[in-house]
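Here are my notes on the model you sent over.

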Amino acid sequence: MTLNRVLRPNLSRATRLTRYGRTLSTFTDGERYWKDTPWKDVPTEEFNSYRWQLRHTVVGKEKLQRFLGEALPDTVGASKDPLLQGILRREDFIDDAVAAFKLAPMAIRLTPHILSRVDWRNPLDDPIRKQFIPLASAIIPDNENATLDSLHEEADSPVPGLVHRYPGRALFLATSICPVYCRFCTRSYAVGEKTETVDKRPQKPSRKRWEVVFQYIESHPELQDIVVSGGDAYYLQPEDLREIGERLLGMDNIQRIRFASKGLAVAPGRIQKGDPWTETLIHLSKQGRDQGKQVCLHTHINHTREITWVTKNAANYLFKHGVIVRNQSVLLKGVNNSYKELSNLIKTLSAINIQPYYVYQCDMVQGVEDLRTPMKEIIELDKHIRGTLSGFMMPSFVVDLPGGGGKRLVSTYEPDSTDLEAGVYRYRAPGLDGEKGEMLYTYFDPKPVKEAELSMLRQQKAEALRSGQTLEQIQATFFNPSHRNSATEVPLEAISQDAGLMQNTHAAESAQESGRKHVDSHTSIGARFSNEWLNDDEVNHNQLAASH
Ligand code: SF4
């Protein structure tokens, strides 16, 4: 099947419109979309209150484990992913997730709103689950060029927490905390609590640090545009939001301020009349307009299912009060990398007055190789979606260049130095000053999965975790050339053709069909992962017990 057909099924215009209409109809006002979660009896007003969302946010792996125990049914829907087909029961899922938490670069923090958007009967292939809850069986080796700071933000920071890469604009990292932690965070080196494999280098919200940042911005008259991010501006206290906004608006050189927050996607009930954070944002937007400056909100929604009637009301409240809201999505495998889903997302965002601004190629960060897509997919999606929408609704499809070259349109790669066959794309960023403007920047596609490497990766990670190594050290060991030579290349598709696995997969499928009683889950690739990590878990429990 050609890429074209995979990305854009041959839908007639009428069918596409009907499907679009169906997507929008999920906005039914008042629908209790949390009715299939442990919070099913919580009244609407309470569920939507930000205070309630904060109080019930699931923080840390133990709490998530408890939540999963309550939310998952006895048996879970089958996955189309060969690596996940050994996960059949609630216990399999929880064991696999617990094993993955040990390796994940990002900590766990999830709001009830986002957890309620997962279809817990079919969590394996669920686009929301994939973004936030890792599964060990899905982990595949990182590209050897993946790092925790793939955009080299720290190298481009003249003072702590300020990335100054472009001549006229800069990124102010005001905090390192977010209402949820995304698995694929581009700032995995700094955001969230430290994990078992990653020691973070956080940018804590501190007036002393902010003052150094303000002074740098003031002393660089070429800076006109500031993104206030982190972390997430939702986690700034309203008085801090106001202080940052007014301080920046007070600088003659600053013309535009963008507050970056995933709040609309993960706790939209906060955006309403009377909420201090919301009213502060509206106040800053109005103050900016009075001064002839722009203050807007940039949000991050990746899938239509993240949008509910509460999101619609929140977005419309901001629209009514003149706040410009733009969205930046990340293209993720199994989440939104199809014509149908991405098109729906863009149209749905436009329908609630959020401007679809960017679709990003997923950064080359560690630990999320299962979510990355080849560059040709995003280029094809750009080609096929363009022309189906009004120009102002059409987002820019961009890659943020590894090494700090900034954002480039995905289709503007250098043809002479790009190897399409090998999936190695090279770009230039001539708008950047000095050496950076002359460099070539390289993006590597995810490679086909190699079965022998998967097995080696499992062994090395288990071993490394026991000895307390970091993710970077594990990565360095894994990509030692002497190890790579011994690996046999097996494309992912071929793994499911493996006779033994097929047999086991069929056994699992027929067991599922016959009421899913008991299946020896140690017989599939997925379950072999879980089993190994489980043994590792026991070791750590024992170590913990011994140390107390
Ligand atoms: S909300 Fe943004 S900064 Fe926070 S974890 Fe997700 S991607 Fe990273």
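1. Let's start with K102, which counts as buried at 3% relative accessibility. Buried here means under 20% relative accessible area, exposed means over 50%, and partly exposed is anything in between (1.4 Å probe, protein chains only). K102 pairs with E196 in a salt bridge, with 4.0 Å between the closest N and O atoms. The term covers a side-chain nitrogen of Lys or Arg within 4 Å of a carboxyl oxygen of Asp or Glu.

2. A word on what you're looking at. This is a predicted model, in which local features need pLDDT of at least 70 and side-chain atom pairs count only at pLDDT 80 or more, whereas totals for chains, interfaces and linings use all residues. Residues are numbered from 1 along each chain as its sequence is written, and side-chain values use heavy atoms, with hydrogens and water left out.

3. How many salt bridges are there by this rule? The count comes to 28. As a reminder, side chains of opposite charge can pair when their charged atoms come close. One of the bridges joins E144 and K447, at 2.8 Å from N to O. E144 lies in the loop between α8 (127-132) and β3 (162-163) and K447 in the loop between β13 (440-444) and α16 (451-466), so the bridge ties together parts that are 303 residues apart in sequence. E144 is partly exposed at 37%, and K447 is partly exposed at 40%.

4. Another bridge to look at is R121 with D119, whose side chains meet at 3.4 Å, N to O. R121 is exposed, with a relative accessible area of 53%, and D119 is partly exposed at 22%.

5. Now the overall build. The protein chain has 21 helices and 13 strands; these are DSSP runs numbered from the N terminus, with helices being H or I of at least four residues and strands E of at least two. Of its 548 residues, 57% count as buried. Among contacts (heavy atoms within 4.5 Å) with a separation of 6 or more, 77% are between residues 24 or more positions apart. The accessible surface is about 23100 Å², and 50% of that belongs to carbon and sulfur atoms; the areas come from the Shrake-Rupley method with a 1.4 Å probe, and for residues only the protein chains shown count as cover.

6. Which residues touch the most other members of the largest nonpolar core? They are L64, L68, I133, F172, V228, I244 and F259, in a core of 120 residues. Helix α13 (residues 309-320) gives the largest share, six residues. At least three residues come from each of domain 1 (46-139 + 491-548) and domain 2 (162-444), with the bounds taken from an automatic or database domain assignment. A nonpolar core is a set of buried Ala, Val, Leu, Ile, Met, Phe, Trp, Tyr and Cys residues joined through side-chain atoms within 4.5 Å.

7. Leaving aside neighbours within four places in sequence, V228 is in contact with residues including F172, I244, L248, I257 and F259. Apart from the core lies another one, of nine residues, among them L171, Y189, A190 and V198.

8. On cysteines: a search of the whole structure finds zero disulfides, a disulfide being a pair of cysteine sulfur atoms within 2.5 Å. C178 is buried at 11%, and C182 is buried at 9%.

9. Finally, some backbone spots to check. The peptide bond from G230 to G231 is cis, with omega near 20 degrees, and G231 is in the loop between β5 (225-229) and α10 (238-249). H152 is not a glycine, yet has a positive phi of about 55 degrees; this residue is in the loop between α8 and β3 and is partly exposed at 38%. N353, also not a glycine, has a positive phi near 65 degrees. N353 lies in the loop between α14 (339-351) and β9 (355-361), and is partly exposed at 33%.
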